[in-house]
Amino acid sequence: MQPEVDRIAQPWGERTPYDRDGTWPVRVDSYLASGVTAEEVQRWVPTASLLHSNGDAMDIAVADGRIVGVRGRSRDRVNHGRLGPKDLFGWQANHSPDRLTTPLVREGGHLVPCDWDTAMERIVDRTRRLLAERGADALGFYTSGQLFLEEYYTLAVIARAGLGTNHLDGNTRLCTATAAEALKETFGCDGQPASYTDVDHADVIALFGHNMAETQPVLWMRVLDRLAGGDPPRLLCVDPRPTQVARHATVHLAPRSGTNVALLNALLHEIIRADRVDHAYVEAHTVGYDDLAARVADCTPAWAAGICDVPAARITEAAELLGGAERLLSTVLQGVYQSHQATAAACQVNNLQLLRGMLGRPGCGVLQMNGQPTAQNTRECGADGDLPGFRNWQNDDHVADLARVWNVEPSRIPHDAPPTPAMEIFAKAEQGDIRLLWISGTNPAVSLPELHRIRGILRRDSLFTVVQDLYLTETAQFADVVLPAATWGEKTGTFTNADRTVHLSDKAVEPPGEARPDLDILLDYARRMDFRDRDDGPLISWHDPESAFRAWQECSRGRPCDYTGLSYDRLREAGGIQWPCTSASREGTERLYTDGITWAAPQICETYGKDVMTGDSMTESDYRALNPDGKAVLKPADYVPPDELPDPTYPLQLNTGRTIYHFHTRTKTGRTPQLNAAAPEVWVEISAGEARRHGVAEGDLVEVTSRRGSLRGRLRITGIRDGMLFLPFHYGYWDTPEGDRPGKDGGRAANETTVTDWDPVSKQPLFKTAAVRLTLLEPAAGAVSPAPTTTASAPSGPSPTPPTTGGPPATARQEAG
């Protein structure tokens, strides 16, 4: 009999311990709608998770033409049958009664239903008029991290070769642009070096700003099962909050926000001082060691302690843990990517791995993690601004090769300037340069920083906005045309997770009403625009997901992300397979750089690199002089303080982040009963010491205010470091009373308060750098908040409590094998 486990109260389920170099045991998790039995399921349709970047393989249960549940796929390499809470319950959002089922157009200031011809012709007419009057630079696209590979690739061809615009980016700019940039800066090319299977072999796992327990819960289950085995790995956690990862860590460092580079430089200093460097590896496979060693020579633990507010002895202890590792795996996520000096810090993690020679072997590697399920595909396909197939926009040979694939003249492909990042796209719309902005599968009216500014841009009369989504989101309410899209389970396509594993998601049910797959919408637009290649044939010759996938395979041929050994049939049969996958590597590639650095040579690299301090681009001649033999580049960085620091008016540092129960702006998870009940509203998190200083108590209604805006929420007191205030960023306004909307008495979106600032290298917005103040609005019911005090207190320790939960039990079955 399968045990039943409340997967809200116990989100990681029960343990199946295993030892290093062993096999992770199977545990099949499943959840069916109330009243539905396994015998009533008519079909199980293969797919993978669309609510985080782990790529958990699962099967969709279908009965009477509806999705009625899911189960984990036991033989898949990623999860061995396990599913996280969002996997188990998130499918219910497909059935939400407020799904968009017909196109909408704006008439007289209101969105009204129309047919597809009316909506599409309105977009096509505006496109043609702008092309004639202002050229392709008047057109911009802002896409998602949740569409399928085939859709991103089609969008990239439309934007680059069809229209000729350089203004194409994804909301992956907000979460993993730094991941891509750090890999390119160090290795000359994107692509995660490590594999999830390295968890099975590592003796030390270092997590830098990566709350794996809540952002990739199934990968965390893998770590927990190793910890429960006979030879558990030791963990290093760098995070200012007392997360589940921190509670399991051998060493937990909680630095002041914006000081990651200082901390990492001290760790590098100690690795070099103690001669924990693999000099033979460094000499054979890297350039820049002498410069790096010189730059960190004075970055002692005592120096870093004064900046990071972390005891020097703990920094030394962390360095000893890293230096003594036999198999070191490092992971990085938003605590680095969305903080000050993001790319510079991420590159220092790469430097740690390279100095130790920990790359390309079981248990040895780095995962510059992704935040969204198909973030990797935006980068591969060129929907994030780069050229498809990890081609270098500064390399004329790469542009010519892409033009050959598309059968167009190279001049059709914009490459005379860097691709336009998301924040610059919105700035150009604000300035009136971009006049048509097509937003697909994302909700910038909640997810971008400084929201009052974003709302102002979306309201501009000069901007014609198209929104392609599942619901009438906060962003869709500003649109001129709204297109109802199909989602996961209602369409077919492939997507790739954070360790390069490709999965196929088959269509299980029909979309509601007149909603269409994103690929069909884009193909319809391309047909109506009549884009042509240089032989006057259709620029886009594919007509369905599988033919689009074959077109992508040709674009990827011979590139680092080579898909030519894959097919829909193989993915249905085998489950997830890691790229590169070719005729010579039919089973895929478990980890990169097993025999040196392969894609950093000047003639083949994806980028010539940037100055990690300023973001200034290097030229080809600069890169050839630095790295003529195509080795990994050790890029040092000096610590500089953040631009906005706390002061007497705004005394706290803001840190935004995530909860295990929600994804992005809650457009799906907020419509899922179990997940919404577990975390129904925004909260404000501070330490016990800060609570005393501010005269507030657990459960009080408080207001958080920055120089840009404010929000209200109930207070939680945790073991977060003193001087910091945490907000979950998921909460917007689609399900709030009118009085809670911005411009009234307050709001609940964290990004009302965040600053418009970005990393100079990756152009990723920085959500963890604002200064804020805290004000008591109303004591918790039946409680009296203490008076404020100026007495200093010691930093509070980690909280022993699990994630806050609520609502009815959400019971799922799990079966160990």
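1. Basis. Residues are numbered from 1 along each chain as its sequence is written, and side-chain values use heavy atoms, with hydrogens and water left out. The model is predicted: local features need pLDDT of at least 70, side-chain atom pairs count only at pLDDT 80 or more, and totals for chains, interfaces and linings use all residues.

2. Helix 8 and helix 11. Helix 8 spans residues 260-273 and helix 11 spans residues 301-308. (Helices are DSSP runs of H or I, at least four residues, numbered from the N terminus.) Their axes come within 9 Å and cross at roughly 170°. That makes helix 8 roughly antiparallel to helix 11 (angles over 145 degrees).

3. Ala262, Leu263, Asn265, Ala266, His269 and Glu270 of helix 8 meet Pro301, Trp303, Ala304, Ile307 and Cys308 of helix 11. Contact means heavy atoms within 4.5 Å. By class, 8 residues are nonpolar, 2 polar and 1 charged. (Ala, Val, Leu, Ile, Met, Phe, Trp, Tyr, Cys and Pro count as nonpolar; Asp, Glu, Lys and Arg as charged; the others, Gly among them, as polar.)

4. Helix 8 and helix 12. Helix 12 covers residues 312-323. Helix 8 packs on helix 12 at about 55°, with the axes 9 Å apart.

5. Residues of the second contact. Helix 8 supplies Leu263, Ala266, Leu267, Glu270 and Ile271. Helix 12 supplies Ile315, Thr316, Ala318, Ala319, Leu322 and Gly323. The classes are 8 nonpolar, 2 polar and 1 charged.

Key
Axes fitted to C-alpha atoms, helices over the stretch in contact; angles between N-to-C directions. Helix = DSSP H or I, 4+ residues; strand = E, 2+ residues; numbered from the N terminus. Parallel < 35°, antiparallel > 145°, perpendicular 65-115°, else oblique.
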